[in-house]
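This briefing is intended for reading alongside the sequence and the three-dimensional view. Please keep both at hand while going through the points below.

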Amino acid sequence: MARNVNAEGLKIIKQWEGFKEVAYKDGGGVWTIGYGHTSAAGAPTVKPGMKITQAEAERILRNDIDSV
């Protein structure tokens, strides 16, 4: 289960995804922010011009992992 992602797993995900402070369209044209978060994963809804901090991005990532 994704909920069993330990600190090392979280670190790998963060390195792979990279942190983006400002929303951008990914290669598929999907609005994305933080460590690869999209609206399809749940809240928050990613919108053009949206900005988040690294702390917010990590909280969102943990929520995304827990929802899998």
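Helices (H or I, at least four residues) and strands (E, at least two) are DSSP runs, numbered from the N terminus. Just after helix H1, Gly18 adopts a positive phi of about 75°. The model is a predicted one, in which local features need pLDDT of at least 70 and side-chain atom pairs count only at pLDDT 80 or more, whereas totals for chains, interfaces and linings use all residues. Residues are numbered from 1 along each chain as its sequence is written, and side-chain values use heavy atoms, with hydrogens and water left out.

**Sheet and turns**

- Three strands form an open sheet in the order E1-E2-E3, with antiparallel pairing; two strands pair if DSSP finds at least two bridges between them.
- The edge strands, each pairing on one side only, are E1 (20–25) and E3 (37–38).
- Strand E2 (residues 31–34) runs antiparallel to E1 and is joined to it by three bridges; Lys20 has Gly34 in E2 as its bridge partner.
- E1 and E2 make a hairpin with five residues between them, and Gly29 in the turn has a positive phi of about 80°.
- Strands of a sheet pair through backbone hydrogen bonds, either parallel or antiparallel.

**Start of helix H1**

- Asn6 caps the N-terminal end of helix H1 (residues 7–17), where a side-chain oxygen of Asn6 lies 3.1 Å from the backbone nitrogen of Glu8.
- Such a polar contact is a pair of N or O atoms within 3.5 Å; within protein, one must be able to donate a hydrogen and the other to accept it, and residues adjacent in sequence count only if both atoms are side-chain atoms.

**Nonpolar core**

- The largest nonpolar core has eleven residues in all, including Leu10, Ala23, Ile33, Val46 and Ile60; helix H2 gives the most to this core, with four residues.
- A nonpolar core is a set of buried Ala, Val, Leu, Ile, Met, Phe, Trp, Tyr and Cys residues joined through side-chain atoms within 4.5 Å.
- Buried means under 20% relative accessible area, exposed over 50%, and partly exposed in between (1.4 Å probe, protein chains only).
- Ile60 is located in helix H2 (residues 54–66) and counts as buried because its relative accessibility is 3%.
- Leaving aside residues up to four places away in sequence, Ile60 touches His37, Pro44 and Ile52, a contact being heavy atoms within 4.5 Å.
- With that same exclusion of residues up to four places away in sequence, the contacts of Ile33 include Lys20, Ala23, Val46, Met50 and Ile52.

**Salt bridges**

- The structure holds two salt bridges, each defined as a side-chain nitrogen of Lys or Arg within 4 Å of a carboxyl oxygen of Asp or Glu.
- In one of them, the side chains of Lys14 and Glu58 meet at 2.7 Å, N to O. Lys14 lies in helix H1 and Glu58 in helix H2, so this pair ties together parts that are 44 residues apart in sequence.
- Glu58 also forms a salt bridge with Arg62, with the closest N and O atoms 3.0 Å apart; being four residues apart in helix H2, Glu58 and Arg62 are separated by about one helical turn.
- Lys14 counts as partly exposed at 22% relative accessibility, Glu58 counts as partly exposed at 23%, and Arg62 is partly exposed with a relative accessible area of 42%.
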